[in-house]
Amino acid sequence: MLRPATKDLSHLSWFHSMLIFELIFQVPLLILILLTLSHTPNRTNLAFNRALHKCRNLFQIIYGTHTATTMIPVLGYIYSVSYSAPIANQITLVLMYLPFAILPLIMAIVSSLKLLEQLDAKSSTSKFD
């Protein structure tokens, strides 16, 4: 017997649109973040690497908040189909998805704090006083 969540997939249009947006937005942004984490500068694109390193915290804030907020509908959907799955399966599923919400959120918070420190350091050395 099919569960109600698998009979008709038209109600999962939110999930399909989220997957497309992840492919278009999150994956390229993650690639940029991974490029900024490398400590060896590429001599051919030195200016590009410097520009990426300057924007690293901003990229991480955008990626972390977007990834964490896209997990809200997924976790909400798991909760909404609670009548069709045993509680042990739901807990397992939530525990599998929870790191994808918590770790990007931590990344966004840490990067926000680093960015604020950089802005404070620049404002304290400003000549506008």
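Author: Leaving aside residues up to four places away in sequence, Asn57 touches Ser111, Lys114, Leu115 and Gln118, where contact means heavy atoms within 4.5 Å. Asn57 belongs to helix α4, and with a relative accessible area of 8% Asn57 is buried; buried means under 20% relative accessible area, with a 1.4 Å probe and protein chains only. This is a predicted model, in which local features need pLDDT of at least 70, side-chain atom pairs count only at pLDDT 80 or more, and totals for chains, interfaces and linings use all residues. Residues are numbered from 1 along each chain as its sequence is written, and side-chain values use heavy atoms, with hydrogens and water left out.

Now to α5. Ser111 is one of the buried residues of α5, along with Gln90, Ala101, Pro104 and Ala108, and their cover includes α4 (56-80). Helices here are DSSP runs (H or I, at least four residues), numbered from the N terminus. Spanning residues 87-124, α5 has 38 residues and reaches 54 Å from its first C-alpha to its last, close to the 56 Å expected at 1.5 Å a residue; that expected span is 1.5 Å times one less than the number of residues. Shortly before the proline Pro99, α5 has a kink of about 30° at Tyr97, the bend being the angle between axes fitted to the seven residues ending there and the seven starting there.

Key:
Helix = DSSP H or I, 4+ residues; strand = E, 2+ residues; numbered from the N terminus. Buried < 20%, exposed > 50% of the residue type's maximum accessible area, 1.4 Å probe, protein only.
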